[in-house]
Amino acid sequence: MSKIPKHILVIRLSAMGDVAMTVPVLQALTQHYPDLKLTVLTRPFFAPFFRDLKNVEVFAIDLHKQHKGIFGLYKLSKQLKALHIDAVADLHNVLRTKILKFFSSEKNLNK
């Protein structure tokens, strides 16, 4: 039997409408699973969308400085590792998030 995640990283980086549409989904998820913790990886501009959701925190990505480029994504993966995330829901699914998931994969975290 698979382990039920307790902390999920939800990735959605751009398109305001797409980010806004995740709010009711995350709200329903946290109502159905009240012990579940969600961390939303998104741009700082979108953080207010999630402020009223219980058990939801925003990790603001800085794509122009701190998390820019391949080295920035590697740094971001290390920062996310410290959050002890059990699963990832990549709602963006672009090259940037695929690289981030590669850096964060279990086999790479243990190196």
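I looked at the handedness first: α2 passes α3 in a right-handed crossing, meaning the near helix is turned clockwise from the far one by less than a right angle. This is a predicted model, where local features need pLDDT of at least 70, side-chain atom pairs count only at pLDDT 80 or more, and totals for chains, interfaces and linings use all residues. Residues are numbered from 1 along each chain as its sequence is written, and side-chain values use heavy atoms, without hydrogens or water.

Next, the geometry. The axes of α2 (residues 69-81) and α3 (residues 95-104) come within 9 Å and cross at roughly 50°; axes are lines fitted to C-alpha atoms over the stretch in contact, with angles from 0 to 180 degrees between N-to-C directions.

Then I listed contacts (heavy atoms within 4.5 Å). From α2, I70, L73, Y74, L76, S77 and L80 meet R96, I99, L100, F103 and S104 of α3. I sorted these residues into eight nonpolar, two polar and one charged.

On to T22, in helix α1 (residues 16-32). T22 counts as buried at 9% relative accessibility (buried is under 20%, exposed over 50%, partly exposed in between, with a 1.4 Å probe and protein chains only). A polar atom of the T22 side chain lies 2.5 Å from the backbone oxygen of V19. Beyond its neighbours within four places in sequence, T22 touches R12, F50 and L91.

Last, A15: this non-glycine has a positive phi of about 70° and sits in the loop between β1 (7-11) and α1.

Conventions:
Helix = DSSP H or I, 4+ residues; strand = E, 2+ residues; numbered from the N terminus. Nonpolar A, V, L, I, M, F, W, Y, C, P; charged D, E, K, R; others polar. Polar contact = N/O pair within 3.5 Å; in protein donor to acceptor, adjacent residues only side chain to side chain.
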